[in-house]
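Okay, everyone, thanks for coming.

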Amino acid sequence: MSFEIKKAAVLGAGVMGAGIAAHLTNAGIECYLLDIIPFELTEDDKKKGLTEKSPAWRNRFAANGLAGVTKSKPASFYSKANASMITIGNFEDDLNLLADCDWVCEVVVENLKIKQELFARVEKVVKPTCIVSTNTSGLPIKDISAKFSANLKKHFLGTHFFNPPRYMKLMEIIPGADTDKAVVDYMAKFSEEVLGKGVVICKDVPNFVGNRVGVYDLCNAGSVMIEKGMSVEEIDAIVGKAVGRPGTAIFGTIDLVGIDIGTHVAQNLYDAVPDDECRNTFAPTEFAKKMMANKWLGNKTKGGYYKKVKDENGKNVKYAINWKTMEYAVAQKPKFASISEAKKWADSGVPVSMKIAFNGDDAAGDYLREYMCNNFIYAANRIPEICDTIVEIDNAMKWGYNHQLGPFESWDAIGVKEAVEVMKKLGKKVPAKIEEMLAKGCTSFYKKEKDGSKSYYDFGKKGYVKLKENPKIIILHELKEKKKVVKENAAASLVDIGDGVACLEFHTKMNSVNADMIQMISESCDIVNKDFLGMVVANHDQRMFSAGADIFAVICAISEKQWTELEKMVAGLQNANMKMKYLPKPVVTAPAGMALGGGCEIAMHGDYCLANGETYIGLVEVGVGVIPAGGGCKELALRMTEGIPAGVVESGLNMQYHYGKAFENIATAKVATSAQEAQDFGFIRKGSIINMSRDMQIYEAKQIVLGMSKFYKPPKPALIPVMGENLRGVAAAIIANMKAGKYASEYDAHIAMKIAHVLGGGICHEGTFVTEQEILDLEREAFMSLCGEQKTQDRISAMLSTGKPLRN
């Protein structure tokens, strides 16, 4: 049986339900969002003239959910316009809407009776092929579905999103005993390819995989802290980036999630796993109970393990709780020799820095050995209880808790045998399956085979099993190991990704643009033109496609007064981008994460931009006192005026709307917070599809190259209609308002007028058509003139030293 989800419904409009609905619209899926009707009319309702028949009253909970998710920060929608794809309603009047849905996802309160009663009503409405799921995080699937018909049981499963649904990669899929395998397979594929999730198939056990292991990890961290008498700040200083954990570490993460939610989930686990050997670890601590009683619940109450208080100068000061006294004090910044040493090795990768920290000869090392060994043992003991292999646990912790390495990958980093020796010294019970694994000569959980494939140790099969490879996931470093590098230098590599397509990958720090990268762009174009069907420009950095120009190189050139060399570098980027744009072979750029300044300009110069949904892109050069000079001004001017017939321009079309938008985007350094918003801003063309799966982005970009290569013809050189001097007048009015509102300084205004001069096409009349090269020349001239000004040099220096733009 084949499935296709075109329309969905979310039942329950709380924070999670509304967030799921929002993310479905990000994937292009229309959605119903339904909830209960209010319990009774309030006096305020009556004053407004509402009755129990008023839709505004009956749909209030769904409307509030949609309103809340529309205003949420970080944003739940790729664009607020997506909210129009959601139709609200209620369970009493609108369940009939489910009749045309392909997927119904329940997200109501965690109460078994309520869920069962709702599903009994849903079953009467949905079509026989509709997939029905629950987002429960703790109730057994078998209990929820106990009274279902045989057909609904075949189409029912758990789909556990992590919050917030847009940003958290993990999707746990929990089949019931009777769930059709075709439904499980389809939902796994749909979740990965359409929603951009990483899927873990779980067993129907308490808290499934992610929260079973993840909540233990957090509770274990607190338990060991109490045991060793350490502070909240010390633990967060230890269990941070050096060991592959997010910057929020342990207690910052709990504050983010909410102490009430964390305590509730831990208590549920305590109640649900009476035979768990570590059950007592889940019992709420005395200080957590007191924090709950005091309503110190974390970020949402502006106070949890940490809080910020303004001092007499209005500056925020961070405070941390002393769990022994339940009093707040200014947060300390503990230093540990082992952690400091580990951080020095950060560029060598988390496995290296983690091992250094674990073996530290100080209090941090003592803590980590106790804490991490507990985690390792607990994770090993959960197989096969919660899932079948180590892979599911590792992926759940990486995708659901933002760990760089899962428990078994971490164990490998430290050394399986070495960690076991530490466990024995600490008097811990090593799982028999681990002793058996080592006795068989298997000394790591993962290993690379001679053919380059990867295997994992399977406790059930008592040997290594090859990891299933997804042909839609292209991993560049694996191709490099297979000698697929065509050309490389210190800044970038051109890699053969098969079928006649090459991929240009950047690998400078923050993928910043320097002379070597510019050279590789140009040389790659030559190679691709001669030997390939086309090129993809992409990398695997989750945070950074490219942060833009290497400003250190720029400030060095300025300080040495190497003006000729600096102008050559700027011209080099312009020429490389134009070479890429007009290459006789198709080029698809595939940005994800940050694509700023020069990175944005590179992304804009492909034939097609396949951006990941989580792309944060913009021309931000004004922050360091210059203007975009790699073709960004030119390309934005071109895109804002595309499609305007020449005859209309010549007849006197007022282009203020088109250029006002381009000017504002550059002059205010606007950064789109999604690929869809980038289309609204003009950084990505409207017709481009958006990639949802970061893992599959290079593969999808490759398919676009292959498709285009069958009929490809390079674009014709463009002529751009400009506003000339009239744009300077428009810009002057905009800047005057910004200065009056204290949003811009005098120097900001100076830079803005340079931008207006460039976008306007220089000194000419409105309606004049100019070539791309003419605007590129204006870009370069303005950039160089600003670099010669002291205030720009001060801004660049400030950015280098503080990481923040200077407003001078």
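Let's start with glutamate 277 and arginine 382, whose side chains form a salt bridge at 3.0 Å, N to O. Keep in mind that this is a predicted model. The pair links distant parts of the chain, 105 residues apart: glutamate 277 sits in the loop between helices H12 and H13, and arginine 382 in the loop between H16 and H17. So which of the two is buried? That's arginine 382, because its relative accessible area is 4% and the cut-off for buried is under 20%. Glutamate 277, at 44%, counts as partly exposed.

Next one: lysine 448 and glutamate 481, with the closest N and O atoms 2.7 Å apart.

How many salt bridges does the structure hold? The count is 49.

Okay, on to the sheet. It's an open one, three strands in the order S9-S10-S11, with antiparallel pairing. S9, residues 306-310, and S11, 327-330, are the edge strands, each pairing on one side only. On average, neighbouring strands are turned by 40° against each other, ignoring direction. S9 and S10 pair over five bridges, and lysine 310 has asparagine 316 in S10 as its bridge partner.

Terms used: Residues are numbered from 1 along each chain as its sequence is written. This is a predicted model: local features need pLDDT of at least 70, side-chain atom pairs count only at pLDDT 80 or more; totals for chains, interfaces and linings use all residues. Side-chain values use heavy atoms; hydrogens and water are left out. Two strands pair if DSSP finds at least two bridges between them. Helices (H or I, at least four residues) and strands (E, at least two) are DSSP runs, numbered from the N terminus. Axes are lines fitted to C-alpha atoms, for helices over the stretch in contact, and angles run from 0 to 180 degrees between N-to-C directions. A salt bridge is a side-chain nitrogen of Lys or Arg within 4 Å of a carboxyl oxygen of Asp or Glu. Buried means under 20% relative accessible area, exposed over 50%, partly exposed in between (1.4 Å probe, protein chains only).
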